[in-house]
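Let's take a walk through this structure together, stopping at a few residues and helices along the way. Keep the 3D view open as you read.

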Amino acid sequence: MQDFLKSSAKLFLRVFVINILCLILVISTNVITTGFFTENIGYTVYGAKDGAEQAEVLYEHKFADGEDLKFEEYEKAGYILTKVNNRSEVSKQGKSIFLIVTQVMTLVLFINFVFSHIWERGNKDSNLAAFGHIKGDKLLGFKTGLAAIIPYAIFYLILSLNVSNIGAKFPLFIIKFLSAAFYSIYELIFDGLMLFGELKVLQIVSMFATLLIVPIITGLAYYLGYKDISIAQKLMYKKERK
C-alpha cells in the first residue's frame, strides 16, 4: 500500500510538471498562430503634451478608412504621439488549426513523458511477479493513474459544490492552465465561457471525464509493459523489414 501511494504521488508530480511544460507549448503555439492568422488593421494613437506625465488615448485609425489626417493635426497642436498597431481577430480556421495542432503536440508530449515511465514500471513488475517477489496486478497502472488525478478531482469537486460561492467567480483559464496537456479539449468544453459559475451540468461532467484520460494512458502503458510489448520496437521492426 505504501509503495502504491508513493507511486501515485510521483505520478501526480510528473503530471503536474508535464502540464507546466504543455502550458509553455500552448503559449508558444498561440503566439505563432496569432502571427500567421492575423494582420494589422490599423493603430491606436497615444499622445501627451509637453509636461504631461502620462499619455492618453487620442483616437483609433483603421487602414480601411483611408488616410489618417488627425495625426498631423495633433502634432501641430504640440502633442508627442505614439502609434500602437491593432491586429485583426484570429479567424475560425486559424483557431481550429491552433486547437488541433496544440492538442496533438501536448498529447504527444504528455504520453511521451508519462507512458515510458509507467511502461518500465509494468515491465519491471512483470519480472518480479514471474519470480514470486510480488503479486502481479495488470490493472496497477490504471489504479495508479486514478489515484494520481484525485487532487485534481477534489479541486474540481470543491468548485462544483461551491458553485454559488467560490466557483461562481473562479476563472476557467486557471483550469485550462493547470491541465494544459488537454488545453484544447477544455477550450471546446468551456465554449468561450469565462467563469466556473457559468458552466452547465454537462460541461462540469465533461470536465471530470477528461481527467480519466490519465488513468487510461497509464493503464495501457503498464499493461503493455507487463506484457513486454513495445510499440516503438514493433514500428521500428516493421520499418526495417520494409
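A residue counts as buried when its relative accessible area is under 20%, as exposed when that area is over 50%, and as partly exposed in between. Please keep in mind that this is a predicted model.

What does the side chain of Asp 125 make a polar contact with? The partner is the side chain of Tyr 222, at 2.7 Å. Setting aside neighbours within four places in sequence, the residues in contact with Asp 125 are Ile 134, Leu 140, Tyr 222 and Tyr 226.

Another buried residue to look at is Leu 58, with a relative accessible area of 17%. You will find Leu 58 in strand β2, residues 56-62. Beyond the four places on either side in sequence, Leu 58 is in contact with Val 45, Tyr 46, Gly 47, Tyr 74, Tyr 79 and Leu 81. Ile 27 is 31 residues away from Leu 58 along the chain, and their C-alpha atoms are separated by 32 Å.

Now for a pair of helices. Two packed helices are described by the angle between their axes and the distance between the axes. Helix α5 (residues 150-161) packs with helix α8 (residues 201-210) at an angle of about 170°, and their axes are 10 Å apart. Angles over 145 degrees count as roughly antiparallel, and α5 and α8 are therefore roughly antiparallel to each other. On the α5 side, the contact is made by Ala 153, Tyr 156, Leu 157 and Ser 160, while α8 brings Ile 204, Met 207 and Phe 208. By class, this contact has six nonpolar residues, one polar and no charged ones.

Charged residues come next. Side chains of opposite charge can pair when their charged atoms come close. The structure holds four salt bridges, including one between Glu 72 and Lys 76 at 3.5 Å, N to O. Glu 72 and Lys 76 are four residues apart in helix α2 (residues 70-76), so about one helical turn separates them. Glu 72 is partly exposed at 48% relative accessibility, and Lys 76 is exposed at 67%.

Lys 176 also forms a salt bridge, with Glu 187, the closest N and O atoms being 2.7 Å apart. Lys 176 lies in helix α6 (residues 172-178) and Glu 187 in helix α7 (residues 183-190), so the pair ties together parts that are eleven residues apart in sequence. Lys 176 is buried at 12%, and Glu 187 counts as buried at 17%.

Technical notes:
Residues are numbered from 1 along each chain as its sequence is written. This is a predicted model: local features need pLDDT of at least 70, side-chain atom pairs count only at pLDDT 80 or more; totals for chains, interfaces and linings use all residues. Side-chain values use heavy atoms; hydrogens and water are left out. A polar contact is a pair of N or O atoms within 3.5 Å; within protein, one must be able to donate a hydrogen and the other to accept it, and residues adjacent in sequence count only if both atoms are side-chain atoms. Contact means heavy atoms within 4.5 Å. Axes are lines fitted to C-alpha atoms, for helices over the stretch in contact, and angles run from 0 to 180 degrees between N-to-C directions. Helices (H or I, at least four residues) and strands (E, at least two) are DSSP runs, numbered from the N terminus. Angles under 35 degrees count as roughly parallel, over 145 as roughly antiparallel, 65 to 115 as roughly perpendicular and the rest as oblique. Ala, Val, Leu, Ile, Met, Phe, Trp, Tyr, Cys and Pro count as nonpolar, Asp, Glu, Lys and Arg as charged, and the others, Gly among them, as polar. Buried means under 20% relative accessible area, exposed over 50%, partly exposed in between (1.4 Å probe, protein chains only). A salt bridge is a side-chain nitrogen of Lys or Arg within 4 Å of a carboxyl oxygen of Asp or Glu.
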